[in-house]
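Open your viewer and get ready to click along. Each stop tells you what to select and what you will find there.

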Amino acid sequence: MQEQGHNKMTPVSALRTCRVETDLLIIGGGTAGCFAALTFCKHSKGSVLIAEKADIRRSGCLAAGVNALNAYIAPGKAPQSYVDYARADAEGIVRGDLLLTMSEGLNEAAAELERLGLVILKDAGGGYAMRGERNVKINGENIKPLLAEAVRRHPQIRVLNHVNVTDLTLRDGAVRGAAAIDVRQPVFYEIAARAVLCATGGASGLYRPNNPGFSRHKMWYPPFNTGAGYAMGIRAGAEMTSLEMRFVALRCKGTIAPTGTLAQGVGARQVNARGEVYEGRYGLSTSQRLLGTVTENAEGRGPCCLRTAGITKGQSDDLLRAYLNMAPSQTLRWVESGRTPDVADVPIEGTEPYIVGGHTAAGYWVSTARETTLPGLYAAGDAAGGCPQKYVTGACVEGAIAARAAARALAETAGQQGGAETAPPAQSALAEAEGFLRRGQSGEQTDALEEEMQSVMDEYAGGIGQGYQCHAEGLAEADGKIRALEARAGGLGAADMQGLTWIYELRDRLTLCRSLIAHLAARRETRWPGFVRRADYPAKDDAFLLYVNSRMQGGEVSILHRPLVGEAETYEH
Amino acid sequence: MSIEVDRAACTGCGRCADICPGSLLALDESGAAFIARPERCWGCASCVKECAAQAIALYLGEDIGGLGGRLTVRRDGPLLHWAVRLAGGETKVITVDGRDANRY
């Protein structure tokens, strides 16, 4: 069941409180969240509530679609092969136990997506056609509508679209629900739940973007994924891991469209302005492919391109169609410029850094059942750390693992008092929201503070403008400036629910920036030079073959170093 | 990167306002869709695909080299007929069959 509202912008001063109870609350109805909801219902008769900031039919990073399932175990390969690949790609800073439990479920997740209606390319034998060793080709334009339709049909699942969770609510140290606001109606939600899954996605918008003008939101990751999931956990004292393993994507210049389809699909090589193929000089890991382009540009051999000129007209036409299924702006660029990929190479660039646990190891520190360190709270997909290269299928598997664990936990506590009677109070969250509204519209100040935050992060915490480099003194400067911005953000005002939502987005990004800066400062080495370089520690140092984890306590971020979970070992809380 | 609404073609159904992942579209007092903050658009084209009246078009901002082309789409069963109307008036159509997987 889904609930729809009208989108009318009305001045608001007070909020009506709506209390909702559920067995499992899923924060975020993206890929991981929807898949988790469907899995939970296979293992429990309990109720599920998905709270989604937008509409689950087109929310999360797959809103525009996707062209491949990038995590799949090819016939003849073992799940361990994927673990080995991801471990090497991340220079060792991964949780092998999390990667293995994910890898073991990848192919079943792909099969389940196909059962839901996803079109997957087959080979002559009827198996999935592989793109390389780990990818299968799909038509994923409608992947979110397919997941949303399966959710809609399920009687155990209720969806609250356009409801933005702002804070977790705890009782005796355990997560027992959440506070939320409707992004369009003047309604405050007090949600009581017996278990909570954080599946909000990761964070964009912390750093100054590639195109800071009118097209500032033309970025790789959705500008609407604000790191809220991390931030609500950080504020509640959850342990986070590897935030310093930022992700920087290699993208088509301007449109910030994917490059993998060009590199893997038609074999386009990276070439510099002199026409030299440079990619072999830097290595082919995710970080190294990016490092090559950044270095060629920095040393004056840019602009860099993917060499597509010379492919056939048929290939070019296929690419135009392929991009319509995931990044239509690139097809629009090719058509309106007349510089289709068969006649012109495609310029490429690195994006601003993102925090995204589906690509790198950043996120909540979790057990193999995807329990966070806060009892009652699970994490999956881009929100969960330690397990990079999840992509679509890996996010599904993590959602499924968390859902099964939640179902088991709820069965064990069946009959115990739950629901509204034990709902922890959310009055402080309500008071905060109404405080922002009482102050009324504060002009463009929210936007201005966001721009200042992005500027600080760019200049002092290793953004594009600094070639992704940072150092201890700059990071200390960044921390002071972000703290000052946090104080100023507390005095912002909003006239309507959308303005209020944007204040919370800024607040969450600032919270995450604080933790990110602490992580960047703590890893005194350069392990992934494409993603972040410490100018004061430019070499890899194996003394840092460990996890940099953190917890916020009393408003201060404290860093913990944890030893690596070894091959064939398992970590549990 | 953003979208524009053809107010004359808009039927006021509100589906674009529901589907936008950034909740950026709303209906104005006359019942037509509008985007108050076009610079906040991601360019995902969800609203373009949701609009049965083809009243919403995607365009590239001039700051990223946009040349004025407008991208709309018409759904016909499993087929998506994408149309790029160039600044000079010419229209180019690319049809994608939803039953076909990407081959690249």
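Helices (H or I, at least four residues) and strands (E, at least two) are DSSP runs, numbered from the N terminus. An axis is a line fitted to C-alpha atoms, for helices over the stretch in contact, and angles run from 0 to 180 degrees between N-to-C directions. This is a predicted model, where local features need pLDDT of at least 70, side-chain atom pairs count only at pLDDT 80 or more, and totals for chains, interfaces and linings use all residues. Residues are numbered from 1 along each chain as its sequence is written, chains are lettered from A and ligands numbered from 1 in the order in which they are written, and side-chain values use heavy atoms, leaving out hydrogens and water.

**Stop one: two helices.** Select residues 445-460 (α14) and 472-489 (α15) of chain A: these helices pack at about 170°, their axes 9 Å apart. That makes α14(A) roughly antiparallel to α15(A) (angles over 145 degrees count as such). Among the residues that meet are A:Leu449 and A:Met453 from α14(A), and A:Leu475 and A:Ile482 from α15(A); contact means heavy atoms within 4.5 Å.

**Stop two: a loop residue.** Next, pick A:Asn210, in the loop between β11 (187-198) and α6 (228-236) of chain A. Is A:Asn210 buried or exposed? At 19% relative accessibility, A:Asn210 counts as buried (under 20% relative accessible area, 1.4 Å probe, protein chains only). Now show A:Gly350: its backbone oxygen lies 2.9 Å from a polar atom of the A:Asn210 side chain.

**Stop three: two chains.** Finally, colour by chain: 55 residues of chain B are in contact with 66 residues of chain A.

Definitions and conventions: Angles under 35 degrees count as roughly parallel, over 145 as roughly antiparallel, 65 to 115 as roughly perpendicular and the rest as oblique. Buried means under 20% relative accessible area, exposed over 50%, partly exposed in between (1.4 Å probe, protein chains only). A polar contact is a pair of N or O atoms within 3.5 Å; within protein, one must be able to donate a hydrogen and the other to accept it, and residues adjacent in sequence count only if both atoms are side-chain atoms.
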